[in-house]
Amino acid sequence: MTKNYNVAVVGATGMVGQKMIDVLLERQFPISGLKLLASARSADKIIKVGSNNYKVEEVSPQSFEGIDFAFFSAGGDLSKELAPEAAKRGAVVVDNSSAFRMDKKVPLVIPEVNPEAVYSHKGIIANPNCSTIQMVVALNPLHDAATLKRVVAATYQAVSGAGKEAVEELQEQCRAYLDGKPVKTERIPHKGASRTYQIAFNLIPQIDVFVDDGYCKEEIKMIQETRKIMSLPELPITATTVRVPVVNGHSIALNIELEKALSADEARALLEKTPGVLIADKPGQLEYPTPLASDGNDAVFIGRIRPDFSITHGLNLWVVSDNIRKGAATNSIQIAELLL
Ligand SMILES: NC(=O)c1ccc[n+]([C@@H]2O[C@H](COP(=O)([O-])OP(=O)(O)OC[C@H]3O[C@@H](n4cnc5c(N)ncnc54)[C@H](OP(=O)(O)O)[C@@H]3O)[C@@H](O)[C@H]2O)c1
């Protein structure tokens, strides 16, 4: 008989948490009890899950008594405070924030890439950054075949990556702009920023706060997390991360240099066989991945695979995925499934 588990979703009212609930049901995760947790703001709110209604509870350390799996997506501060409390009470935490990703004791896992890392967990497992996940799913088979020498990524990231209020802001800004009304800006580049920008009909070359050397934190996350997941601590890799006025689905223009020759056709054939990847690459038929087409899908879509003639053994690729699914909810649940 299969065992069923008590599951908690922390941040259950958010963009990622809501998708987490959908994906748990879709994948028929073996649930015996489900707890939906959020802040006091959402306490007592009713959420329909399948045919049952669940009352949202304000999260506290005691929320995790008897919980087997706790999926956290309520920001880094809350994860730092409560993930250890959940783990202490025997739950396996899969954390979507960046709080523990670079902690040496915490595995950072993409099931298609480094599933074995999950088994070393000590109660907390980190889900990588959304852009990192889709990029590394694409990079890993190419590295196995021809060894990465250098990676250059430029992202085109959807507003859903900044949470549900940012999506509402994009929609309100579009309406106001088209109606010739004043456009309110609060959430982009991030909530509480000293300067905010219109995202509607615009794009913003900043995601998360600025850190050292002119990089923003999202760029540093992509660099450091890729090295950790692929066990390539010295990998030369750089990134420019850009927010674009797309509701959902991140895109990455990826330029890679390899140690060995790998033609575009060979790369396409390798990626075609890669679990979790779907190829959309028929330039003759104007077929390539777009964020709209990726929305609601769990795959990493790859197209525009072509040689980079400016270097020896170079390739260009276009990598698109639903950041709320494979970039967050689906990857987290796949991680937990490795432990069932
Ligand atoms: N969006 C993405 O593409 C993506 C991808 C990967 C990881 N993540 C990470 O996932 C987390 C959530 O992102 P999101 O896009 O879902 O944000 P969101 O739509 O703004 O939702 C935030 C959720 O966290 C809850 N929350 C916030 N502060 C809380 C607190 N102090 N105590 C308890 N619950 C609290 C909110 O509950 P209330 O309803 O009560 O406010 C809500 O359920 C973030 O850490 C983000 O970095 C997001």
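1. D213 lies in the loop between α4 and α5, where helices (H or I, at least four residues) and strands (E, at least two) are DSSP runs numbered from the N terminus. The phi of D213 is near 55 degrees, a positive value in a residue other than glycine. At 75% relative accessibility, D213 counts as exposed; buried means under 20% relative accessible area, exposed over 50%, and partly exposed in between (1.4 Å probe, protein chains only).

2. The model is predicted: local features need pLDDT of at least 70, side-chain atom pairs count only at pLDDT 80 or more, and totals for chains, interfaces and linings use all residues. Residues are numbered from 1 along each chain as its sequence is written, and side-chain values use heavy atoms, with hydrogens and water left out.

3. A positive phi is also found at Q28, which is not a glycine and has a value of about 50 degrees. Q28 belongs to the loop between α1 (15-26) and β2, and is exposed, with a relative accessible area of 68%.

4. The loop between α4 (164-178) and α5 (217-229) also holds P189. The peptide bond leading from I188 to P189 is cis, with omega near 10 degrees. Most residues other than glycine have a negative phi, and most peptide bonds are trans.

5. Which residues form the positive surface patch? They are R41, K45, K164 and K191. Patches are made of residues with over 30% relative accessible area and no salt bridge, like charges being joined within 9 Å and nonpolar side chains (Val, Leu, Ile, Met, Phe, Trp, Tyr) within 5 Å. A salt bridge is a side-chain nitrogen of Lys or Arg within 4 Å of a carboxyl oxygen of Asp or Glu. Of the members, R41 is located in the loop between β2 (31-38) and β3 (46-49) and counts as exposed because its relative accessibility is 78%.

6. A nonpolar surface patch consists of Y177, L178 and F201, which together have about 370 Å² of accessible area (Shrake-Rupley method with a 1.4 Å probe; for residues, only the protein chains shown count as cover). Y177 is part of helix α4 and is partly exposed, at 44% relative accessibility.

7. Is S251 buried or exposed? S251, in strand β11 (residues 250-258), is buried, with a relative accessible area of 2%. Not counting residues up to four places away in sequence, S251 touches Q134, A154, T155, Y156, P291, W318, V319 and V320; contact means heavy atoms within 4.5 Å.

Key. Lys and Arg count as positive and Asp and Glu as negative; His and the chain ends are not counted. The place of a charge is taken as NZ of Lys, CZ of Arg, CG of Asp or CD of Glu.
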